[in-house]
Amino acid sequence: MKKNWKKAIALAMTSAMMVGSLSACGDNSTPSNNTTAAPTTAASSNNGDTTPAANDVAGIDGWTPFAERVHITVPVYDRSKEGYPAVDDNYWTKWVQTEFGDKYNVDVEYVAIPRGDVMTKYNLLIAADDTPTILMEYDYPKVAEWASNGAMQVIDLDAFKQVAPTYYQKMVDNNQLAYTDINGQTYFVLSERPYYNTSYSFVTFVRMDWLRQVGYDHVPGSYEEHKDAINKIIEAGLTDQAPLPLSLPTTAYCQNFGFRDYPVDEAEWAMHSSLGTPSLSWEPTYQMLKRQNAEYNMGWYSTEYELDADGADGNTSSQQKTDFINGKTYQFGNYMSANVDWLKAFYENNPNGELAIASSYACVEPGVVDFPQNRADNPFGMIVGFSSLATEDQVKAAWMYMEWMLAGKDSNGQDVLFTMENGIEGVTYTLGEDGLPKVDGDYRGTEMLNHNCNIDMTCIVHALKVDGTIEQSIAAITPQGIPQDFTQDMIDNYYVLKEIADAQHAYSDPIFSVEIKSEAEYSSTLLSAYQEASVRLTKCKPEEFDAIYQEEAKKFLEAGYQEIIDERKAAYDAGNTTKLPWN
Amino acid sequence: MAKKNISEEDSRFEGIHGVHKIKIGDILIMAVLVLLCLTCVMPFVHLLAKSLSSNTAVLSKSVYFWPKGFNISAYRSLFLDGQMTHAMIYSVELTIIFTVLGMIVCTCAAYPLSKKRLKGRGVISILLMLTMYFSAGLIPSYLLMKQLNLLNTMWVLILPLIFSPYNMLIMKSFFQSSIPDSLEESAFLDGATNFKILFRIVLPLSKPIIATLSLFYAVGRWNSYADAKYYITRKALQPIQYLLSNMVKSAADSATSLSEAAQVTSTPEVYQAAAVMFATIPIMCIYPFLQKYFVKGVMVGAVKG
Amino acid sequence: MEKKKMEVAPMPRKKGLAVYFKRDWQLYVLLIFPIACVILFNYMAYPGLRMAFMDYKPAKGYSGSEWVGFETFQKIFRDKDFLRALKNSLIFNFLDLLVGFPMPILLALLLNELRYPKFKKLTQTILYLPHFLSWVIIGSVALYLFKPSTGLVNIWLMNMGVIKEGIPFLSEKWHWAVTYLLIYVWQTMGWGTIIYLAAITGINGELYEAADIDGANRWQKIWSITLPSIKGTIVTLLIMNLGRVMGSNFERLDSFDNVQVRDFQYQLAIYIYDKGLSGGNYSRATAVGLFQSLTGLILVLATDKFAKMLGEDGLI
């Protein structure tokens with residue numbers, strides 16, 4: 001009975017995904033497929049003003065230039081990377097101006113937002129009445145805060161659909177209409193996040209040569225094997241340091257998914273599952289820390305791991321990277337690209353080293369972790385809202401900008417999105433044998449693409465550049481210039497992850513359509529409290545663990561966590577959250 | 001022991017301004033200072049060595065005080081990086097304008113206030129000095145700059161800071177303690193105006209303090225970037241220290257990539273080290289030009305009431 | 001003061017302001033610039049402090065936000081985190097003053113005793129170097145040097161056999177406190193000598209010559225000539241620094257941050273950033289700032305008065 005039910009869901013999921021990918025292949029006809037819930041806003045009456053032209057053709061064909069020059073400001077993340085041009089003034093910002101702005105009588109101004117300080121910059125801009133026309137962020141609580149504070153205006157999705165039908169249709173296809181509202185009013189449109197429930201671009205590598213030395217011909221596929229292998233590695237003295245890296249939880253992300261019941265209780269999930277605030281007092285977190293403590297006491301982790309919190313990139317620290325490069329540790333993971341400097345450095349320093357991709361099943365231990373469960377990313381990329389100060393024309397121009405980026409053609413007849421992500425043929429990219437563009441990452445002329453193929457401009461339509469099929473996409477981010485070729489391994493890894501996702505073992509955190517005020521108040525304090533507690537709990541003796549956990553959990557609840565879960569529970573009971581996919 | 005007695009005897013007769021002869025005390029002092037100097041130089045040597053090493057060597061943290069896999073590619077790409085060179089030129093401009101204007105305003109305040117005869121001196125002093133301890137805070141100041149239409153202009157990095165009570169105090173006491181009143185009195189009797197006295201007599205005698213305060217102003221402007229962080233959004237108007245801090249910070253930032261779940265590469269450490277050297281060396285270069293005023297021993301201006 | 005004024009330019013009192021103005025109008029003209037500066041860029045921002053008494057929302061502005069009276073202050077003073085931050089700030093700023101204030105004086109005295117001008121020049125220049133490094137960079141170099149088992153200093157000490165186990169310079173809060181303070185001293189001491197050296201060079205050389213004739217040794221001369229001569233400078237700087245006892249430097253704290261030392265590292269700047277700026281809670285950030293300003297000001301005025309009672313010149 002239970003099995004059938006799972007199968008049915010898996011089937012439904014796959015078919016939903018297929019529909020999504022089909023329509024992504026350039027289906028430009030007017031949307032009629034309204035199977036998902038309709039937008040909750042009441043249709044507004046000023047439809048006539050909002051549609052750009054007198055004729056009622058939706059989308060780009062119906063647009064006419066504005067009678068008067070319209071000025072819009074668009075945020076763009078500033079990552080301060082070496083060798084890139086200024087994010088707010090470069091070849092591509094000018095290109096947008098000539099290709100889009102001049103055509104429709106719009107001034108497009110880009111506003112640099114420092115990536116490390118997004119909220120501070122936005123808040124300052126809002127305070128100075130300089131709110132950009134478009135506000136966007138990856139994190140829901142942030143945009144929810146802007147919306148509740150009055151920095152964003154309520155929008156009419158029907159009008160949006162009229163100006164930007166392709167964009168709207170994508171939202172429908174990706175089941176995103178559930179996320180457009182906060183406090184009962186519509187504020188957001190959302191960009192696409194392809195393959196959101198498989199984090200295939202993050203790959204963990206393990207030392208296959210060490211495994212062979214301790215008698216394994218395969219990567220450990222269960223916790224028992226994993227434990228055995230690590231302990232044997234320590235015994236054999238293959239490293240003079242602790243063999244495994246351990247990160248301080250620098251974001252609230254608790255990797256307790258595997259330790260949760262399946263299916264998890266929805267109310268508990270709504271109360272505790274969060275990227276914003278760690279859940280120290282929740283049972284799965286207890287289980288997770290308990291295992292971590294046992295591992296620490298077996299000598300798996302460095303005694304000073306908490307000092308290495310200077311996460312160089314992603315959620316790993318530069319010390320972990322260094323240790324791996326120097327051949328001191330068993331595993332290291334990070335996001336992949338064609339050029340991964342630490343992999344190159346690893347093989348340079350360890351000419352005989354052999355790596356393999358870690359198994360997702362290395363955590364499985366019957367009774368504790370029955371099968372791997374993953375956190376699926378949000379089913380959307382950017383959450384996009386519009387300034388409360390923007391005029392009707394400005395909002396319309398912003399919508400046109402988004403639709404143009406997604407579905408427009410440039411003056412050469414090429415797709416705008418394609419040009420923005422690949423640049424100019426023969427200059428910034430060449431077409432490969434498979435017909436896919438190959439971007440020249442070393443090109444430094446004026447036409448060079450900004451960080452990660454202009455992702456900080458194109459993120460308004462999708463979170464990830466997609467080249468052809470998933471296999472081709474993976475091939476494009478497989479590390480090059482190293483002795484081993486991981487293309488097939490990475491593709492296999494993707495299918496393992498997909499299997500987990502298809503079995504509904506990967507799900508997202510809840511999203512609240514009301515602002516959780518106590519969370520804004522306490523989350524940063526709780527994060528540092530959790531960091532302190534987790535270090536203490538990891539490093540204590542196993543026999544002391546339970547007593548310390550009780551004490552820390554109590555302190556944690558009193559420090560504001562109780563208030564947060566109460567408020568979340570109330571929101572859940574009032575129906576102001578998303579639901580688990582299987583409910 | 002015996003030697004020490006003799007040297008003490010010597011000093012009794014010669015004093016420190018006497019014949020040059022090394023004594024235990026001198027050696028001790030020199031040793032302490034050399035040690036301190038070593039600790040000061042070390043970070044620079046370390047950064048320099050890093051900036052001249054290969055990225056692999058730096059990633060494996062095997063570079064200490066001598067480059068490994070010597071190459072200058074980091075510096076080469078630094079000079080080819082349009083943003084960096086632009087910010088450098090801009091920062092130099094900014095610092096020069098700031099220093100010149102700052103010195104003018106500082107003199108305008110310090111000279112009149114150094115005259116005890118000036119009516120209303122007390123009130124004006126308090127008015128000017130209060131700002132040193134009582135600040136409106138970041139957000140009200142930010143909103144004020146917005147009202148004044150200074151956000152996103154070069155002037156927002158200059159005007160709010162050109163009056164420094166601290167520097168003014170130093171200059172004022174220099175005027176009071178080292179420009180003899182008699183000089184001024186006789187000029188007065190000759191019919192010179194206040195302006196004439198300032199430009200013809202006081203300023204030419206004040207080169208040392210002008211040099212010192214210019215250094216304070218210039219270094220202060222060069223090193224600070226917090227105001228740019230809040231007041232400036234346009235990349236073209238950001239000073240080099242701000243770019244640098246962003247670069248180092250974004251390399252150390254971990255909280256960003258989780259919600260993005262995309263490949264986020266950071267600036268290689270080699271390049272960061274080179275950028276630090278690049279941003280630090282120009283401001284250190286002005287020091288030797290001013291140093292002659294420090295060592296000549298004419299610097300009399302010390303803070304006094 | 002009064003007497004001296006009369007001597008310099010004797011004026012009939014009756015004519016009053018007009019005469020003063022006629023003689024010194026040029027001085028007043030000069031003063032226009034600095035006064036305009038402070039009024040425009042400092043005083044005009046003070047009305048903005050009213051947001052400390054409002055529930056200020058960036059999107060609503062001053063006019064749209066609600067007045068809440070002292071509610072924000074009440075909230076802050078009930079907040080355990082604030083009290084912790086306040087306590088830490090006071091303790092550490094006081095320690096900064098205790099350790100950091102005398103160092104430049106000592107160093108200036110040492111430098112002044114140097115006899116070789118070239119060596120002196122070089123030493124001075126080198127000692128200024130740390131002033132040119134930002135806290136971010138100092139923090140990363142410090143981590144590199146002071147980590148318990150992989151830090152360079154600990155490796156050296158272990159190799160020399162001085163210690164068996166790494167010293168947790170950064171990972172144990174008491175050690176951290178010492179490291180944190182000493183690095184501050186190291187960073188500021190060289191630059192701080194500039195003022196004192198300037199004061200010392202201003203001392204009349206005849207005093208030393210007279211002391212030489214009296215047969216005073218080095219220490220006696222430092223004690224009875226140099227130090228008394230720069231006492232005014234020392235007192236003035238001390239008063240100025242006292243005003244900063246309530247201050248807090250975010251960059252410095254941020255670059256020495258790690259979980260093991262939050263007990264000490266959580267100071268006002270961190271509090272303002274965490275609970276004020278990054279969350280857009282500007283009322284709270286401004287309220288804490290106002291509190292800092294007021295206490296700083298009161299401290300300065302009080303010490304100034306105290307110094308004057310002791311017969312020093314004071315600040316104002």
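This is a predicted model: local features need pLDDT of at least 70, side-chain atom pairs count only at pLDDT 80 or more; totals for chains, interfaces and linings use all residues.
Helix α5 (residues 80-100) of chain C packs against helix α10 (residues 173-201) of chain C at an angle of about 50°, and their axes are 10 Å apart. α5(C) and α10(C) are therefore oblique to each other. The crossing in which α5(C) passes α10(C) is right-handed. On the side of α5(C), the contact is made by L95(C), D96(C), V99(C) and G100(C), and these meet L181(C), Y184(C), V185(C) and T188(C) of α10(C). Sorted by class, the residues of this helix contact are five nonpolar, two polar and one charged.

Turning to chain B itself, the chain is divided into domain 1 (2-71) and domain 2 (76-295). Where these two domains of chain B meet, domain 1 gives eight residues to the contact and domain 2 gives seven residues. On the domain 1 side, the elements that give two or more residues are α2 (24-51) and α3 (55-59) of chain B. Of the elements on that side, α2(B) gives the most, with four residues. The domain 1 side of this contact in chain B has four nonpolar, three polar and one charged residues.

Chain A, finally, is assigned three parts: domain 1 (64-195 + 379-416), domain 2 (202-376 + 482-510 + 521-561) and domain 3 (429-476). The C-alpha centres of domain 1 and domain 3 of chain A lie 21 Å apart. Between these two domains of chain A, 23 residues of domain 1 are in contact with 18 residues of domain 3. Two or more residues of the domain 1 side come from each of β1 (70-78), α3 (91-104) and α14 (392-407) of chain A. The largest share of that side, three residues, belongs to α14(A). By class, the side of domain 1 of chain A that touches domain 3 has 15 nonpolar, four polar and four charged residues.

Conventions. Residues are numbered from 1 along each chain as its sequence is written. Chains are lettered from A and ligands numbered from 1 in the order in which they are written. Domain bounds come from an automatic or database domain assignment. Ala, Val, Leu, Ile, Met, Phe, Trp, Tyr, Cys and Pro count as nonpolar, Asp, Glu, Lys and Arg as charged, and the others, Gly among them, as polar. Axes are lines fitted to C-alpha atoms, for helices over the stretch in contact, and angles run from 0 to 180 degrees between N-to-C directions. Angles under 35 degrees count as roughly parallel, over 145 as roughly antiparallel, 65 to 115 as roughly perpendicular and the rest as oblique. A crossing is left-handed if the near helix is turned anticlockwise from the far one by less than a right angle, and right-handed if clockwise.
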